[in-house]
Amino acid sequence: EFNGSFYQPSAFLMMGIPGLEALHPWISIPFSLLYLVALLGNCMILFIIKRTPSLHEPMYYFLSMLALTDLGLVLSTLPTTLGIFWFNTRRIPFDACLTQMYFIHTFSFIESSVLLAMAFDRFVAISHPLRHPSILTKATVGKIGLAIVLRGVVSLLPIPFLLKRLTYCRKNELSHSFCFHPDIMNLACADIKVNVFYGMVVLLSTVGMDFIFIVLSYILIFKTVMGLATREECLKALNTCVSHVCAVLVFFIPMIGLSMIHRFGKDVPALVNALVAYTYLVIPPALNPVIYSIKSSHIREALLRALRRKSE
């Protein structure tokens, strides 16, 4: 199929859930609900934090960043995913696919960094409560947010160009309903060592390091908590971390699983590959606002106040 000349497909064909194509109209219902929850939930978090002065503190500024990132992830995958489930629209132009891939990976890397910033905030709040306001000022939080965005945007900028230089085989079918770097890369008929190496370096130096520092932050947090005088103080301190721990697990477990499948799991069934990918990109944006609304009494109380004002 490949004659040695340079070739790039004009478009890729995306895949829904393999083996369940006949059920796509029905499968679209839970996916539509998840996207709706993600959009409304994260917008609600942003609205409540903006309208409630008592929530204008580092923890909730970082939560706003997480909500904005989740909205970015949702808007990056929603058009193609629901396009397949609703209208069986599988075709995506080559350049549009690279653009979608860049935004998906950028928002994923930004979310990883925001979760690290939130872990640092919890560490400072528990280990150095008196110094917390002076360490994490509004200016500092703003600089951290800017650094997070620049880190994600710049580190992934070469990826589309590295993919665009490759010669591709005539096969143009992707494994998901969205464009994913390893998925596109594996369709090439050229040497992809540079792509593999750069992808691994960026992944390990960003998401990998973020995960390690999050774990270290919680080791230090638990060490501090264990030194508290009473059991009640210990539980109160740990309770402030529950939402963040849930968000970390919901994000990192499927992300690591999907990365491992694309690099080492060639024999993994296509259905498992698809389900892990959807768990990674659709579930966290929908669950995060639910988790924080349930666990954060401040968010919950502000939401109830807003609902009361509207009912009056």
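Q100 lies in helix 3 (residues 94–127); helices here are DSSP runs of H or I with at least four residues, numbered from the N terminus. Please keep in mind that this is a predicted model, in which local features need pLDDT of at least 70 and side-chain atom pairs count only at pLDDT 80 or more, while totals for chains, interfaces and linings use all residues. Residues are numbered from 1 along each chain as its sequence is written, and side-chain values use heavy atoms, leaving out hydrogens and water.

Let us compare the surroundings of two residues. Contact here means heavy atoms within 4.5 Å. Leaving aside neighbours within four places in sequence, Q100 is in contact with S76, T77, T80, I92, F178 and C179. With T80, the side chains also form a polar contact at 2.9 Å (a pair of N or O atoms within 3.5 Å, one able to donate a hydrogen and the other to accept it; residues adjacent in sequence count only if both atoms are side-chain atoms).

V194 belongs to helix 8 (residues 193–226). Not counting residues up to four places away in sequence, V194 touches L162 and R165.

Buried means under 20% relative accessible area, exposed over 50%, and partly exposed in between (1.4 Å probe, protein chains only).

| Residue | Relative accessible area | Class |
|---|---|---|
| Q100 | 10% | buried |
| V194 | 47% | partly exposed |

Finally, helix 1 (residues 24–51) has 28 residues and reaches 40 Å from its first C-alpha to its last, close to the expected 40 Å, which is 1.5 Å times one less than the number of residues. Its buried residues include H24, I27, F31, Y35 and A38.

Key
Helices (H or I, at least four residues) and strands (E, at least two) are DSSP runs, numbered from the N terminus.
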